[in-house]
Amino acid sequence: MTTKRRAVLGAMLAGLSVAIAPAASAQDFPSKAIKIISGSAAGGPTDIVARVIGERLSTNWKVPVVVENKPGGTGAVAMDLVAKAPPDGYTLGVAFTASNVIHPLLNDKLPFNAQKDFTPIVRATYAGNLFVVHPSVPATNMKEFIAYVKAQPKPPNYGSWGNGSGGHLSGEHLKMLTGIDMVHVPYRSTSALTVDMVGGHMLIGVLDAANTIAQSKTGKLRAVGMTGPSRLIGLPDVPTMPEQGIPFSIGIFTGIVGPANMPRAVVDKLNAEIVKILNEPGTREKFVTALGSPPAPTTPDEFDRIIRAEWDTWKRVITEGKITL
């Protein structure tokens, strides 16, 4: 065989091995432990999503599924770890609107590219955040809340789980829509903000459904308005913003992503299994109890389109509101 023919044959075999590698890896996947990285502390919304899905994945596939909590930077710490992991399906992350859309729009110095460094696998939830007050604040709805804020001698503080978080943007968007003035105070996580609010150290905050539901049941905190497009099943008595005359109905998502360039066959296998888990009655019950709303699973392509649409929506809010970190 001539040298030229050997080169051609070698190239063909190399190409064939690349072509069949994704199929082989998908067939064998998973063969070892899977890691799901959560950008919130234990008990936070992405932690709940990670643990419910991880527990069932471990049972169904008979491999360990480890949840790692990496709070900080409005999810940036967790997402950076996911972005830099091997794209083999063994390191996943719980993406959410703030970590993968809002914060990247506001901060061009993040160590990852939110639009290029991730593979969308499945959306898990779609709901909203809540404006929450300490019981010492005399407000039970948004009208009373706005009146309370305007009556203060100086702009009151409000907390969120970080600069560029969904809570931060919700507060700034509300200011833009209503003309009220508040001063943003960023926290490291929703759990840290909740602790301070329950203790009366922060009287106003934008919180996730999980912490709001838990504290509302005991009367330690009170929700006055929901930012999402519909009321939460877990908090049916809390009206949405539009129901209270405020044109604010932007929802938020959570979902599972991996590093960029994952084999499509592995993505599809993960999607099919997680969608099956999210559609189980037991999962629905856990999500409604802890997060206030049922799962909202999608295909990988649908989740990709949702992320891109959210990018355009929040970019418009940020631009019109002249919002900066």
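Contact here means heavy atoms within 4.5 Å. The model is predicted: local features need pLDDT of at least 70, side-chain atom pairs count only at pLDDT 80 or more, and totals for chains, interfaces and linings use all residues. Residues are numbered from 1 along each chain as its sequence is written, and side-chain values use heavy atoms, with hydrogens and water left out.

Phenylalanine 145 touches Val133, Ala139, Leu174, Ile180, Met182, Ile204 and Val224, leaving aside residues up to four places away in sequence. The largest nonpolar core holds 45 residues. Such a core is a set of buried Ala, Val, Leu, Ile, Met, Phe, Trp, Tyr and Cys residues joined through side-chain atoms within 4.5 Å. Buried means under 20% relative accessible area, exposed over 50%, and partly exposed in between (1.4 Å probe, protein chains only). Phe112, Met142, Phe145, Leu174 and Ile204 have the most contacts inside the core. Elements that each supply at least two of its residues include helix 5 (142–151), helix 6 (166–178) and strand 8 (204–207). Helix 11 gives the largest share, seven residues. Helices (H or I, at least four residues) and strands (E, at least two) are DSSP runs, numbered from the N terminus. Another core, of 32 residues, lies apart from this one, with Ala26, Val266, Val267 and Leu270 among them.

On a 1 Å grid over the protein atoms alone, a cavity is a set of points where a 1.4 Å probe fits but cannot get out; a pocket is an open set with protein on both sides within 12 Å along at least five of seven lines; lining residues have an atom within 4 Å of a point.

The largest pocket contains about 180 Å³ of space. Helix 11 (300–321) and strand 4 (118–127) each supply at least two lining residues. Helix 11 gives the most, four residues. Among the lining residues are Gln115, Phe118, Asp304, Arg308 and Trp311. Arginine 308 sits in helix 11 and is partly exposed, at 47% relative accessible area. Arginine 308 and glutamine 115 are 193 residues apart in sequence, yet 8.2 Å apart in space, C-alpha to C-alpha.

The whole structure has one cavity of 30 Å³ or more. The largest cavity has a volume of about 340 Å³. It is lined by 27 residues, of which Pro45, Asn129, Asp208, Ile252 and Thr254 are the closest to its centre. Helix 2 (45–61), helix 4, strand 4 and strand 10 each supply at least two residues of this lining.

Definitions and conventions. Points joined across faces, edges and corners; volume = space filled by probe spheres on them.
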